[in-house]
Amino acid sequence: MDANYHTAFGVYGIYQPSEDMLLVIKKTRGPYSNRFDLPGGSMEDDEGLDETLKREIYEETGTQLINYTQLGVASFRYPWNYLNFKYNKHIAVFNLIEELSGTIHETVTQFDGQDSSGAEFVKLSSLTSENSSPLVLKAKEYLRNNVFLPTDESFANLDSLE
């Protein structure tokens, strides 16, 4: 890969309401379009990690974040044609959500910048490299092993996530 990278930085939540379920969003834009992704996203200029996670959880799921623990950071690199860039480097801060308040919204308010059509719970066994972002696959790995391993992963394309 050459050095023509777009760098994306985001804060994301892993919420598991029961042993084999994960809260995901339905992604509508960006490199993970038409895949399941974790709720979360980019920081706004005036935000810290905490404010970003709370805002993104609310915007993408309709719920209020009550309690969470930061797990660690991972990055993912892959080809993506965006503006004048050929590759994306996605740096993600992962958080384990321990408590949410409210009802998950299957559809959410659309506005400029919204990249989720709503949230749902999906069985871990149904989340695959064909239908999920690398963040979801990282969350699945964490939930199955109960260990978060910081990684820097490269993919030839988003179809080769495993």
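The model is predicted, and the points below are grouped by topic. The largest pocket holds about 580 Å³ of space, the count of salt bridges comes to nine, and a nonpolar patch on the surface is formed by Phe 9, Met 43 and Leu 49.

**The largest pocket**

- About 580 Å³ of space lies in the largest pocket, and of the 28 residues that line this pocket, those closest to its centre are Lys 27, Arg 29, Ser 42, Gly 113 and Asp 115.
- The elements that each give two or more residues to the lining are strand β1, β4 (40-42), α1 (49-61), β5 (64-82) and β6 (85-101).
- Sorted by class, the lining of the largest pocket is made up of nine nonpolar, nine polar and 10 charged residues.

- Lys 27 and Asp 115, which are both among the residues closest to the centre of the largest pocket, meet through their side chains in a salt bridge with an N to O distance of 2.8 Å.
- This pair links distant parts of the chain, since Lys 27 lies in strand β2 (residues 21-27) while Asp 115 lies in the loop between β6 and β7 (116-123), 88 residues apart.
- Lys 27 has a relative accessible area of 9% and is therefore buried, because the cut-off for buried is under 20%.
- Asp 115, at 16% relative accessibility, also counts as buried.

**Other salt bridges**

- The side chains of Arg 55 and Glu 47 meet in a salt bridge at 2.6 Å, N to O, and both of these residues are buried.
- Arg 55 and Glu 47 also belong to a network of salt bridges, in which they are linked with Glu 44, Glu 56 and Glu 59.
- In a further salt bridge, the side chains of Lys 138 and Glu 141 meet at 3.4 Å, N to O.
- Lys 138 and Glu 141 are three residues apart in helix α2 (residues 134-145), so about one helical turn separates them.
- The two partners in helix α2 fall into separate accessibility classes, for Lys 138 counts as buried at 3% relative accessibility, whereas Glu 141 is partly exposed with a relative accessible area of 34%.

**A nonpolar patch on the surface**

- Phe 9, Met 43 and Leu 49 form a nonpolar patch on the surface, and together these residues have about 220 Å² of accessible area.
- Phe 9 lies in strand β1 (residues 5-14), and with 33% relative accessibility this residue counts as partly exposed.

**Positive phi angles in loops**

- Most residues other than glycine have a negative phi.
- Asn 34, a residue other than glycine, has a positive phi, near 65 degrees, and is found in the loop between β2 and β3 (36-37).
- With a relative accessible area of 72%, Asn 34 is exposed, because the cut-off for exposed is over 50%.
- Leu 83 likewise has a positive phi, of about 50 degrees, although this residue is not a glycine, and its place is in the loop between β5 and β6.
- Leu 83 counts as exposed at 68% relative accessibility.

Technical notes: Residues numbered from 1 in each chain as written. Predicted model: local features only at pLDDT ≥ 70, side-chain atom pairs only at ≥ 80, totals over all residues. Heavy atoms only, no water. Patch = residues over 30% accessible without salt bridge, like charges linked within 9 Å, V, L, I, M, F, W, Y side chains within 5 Å. Areas by Shrake-Rupley, 256 points an atom, 1.4 Å probe, with all protein chains shown as cover. Salt bridge = Lys/Arg side-chain N within 4 Å of Asp/Glu carboxyl O. Helix = DSSP H or I, 4+ residues; strand = E, 2+ residues; numbered from the N terminus. Buried < 20%, exposed > 50% of the residue type's maximum accessible area, 1.4 Å probe, protein only. 1 Å grid on protein atoms, 1.4 Å probe; cavity = no way out; pocket = protein on both sides within 12 Å on 5 of 7 lines; lining within 4 Å. Points joined across faces, edges and corners; volume = space filled by probe spheres on them. Nonpolar A, V, L, I, M, F, W, Y, C, P; charged D, E, K, R; others polar.
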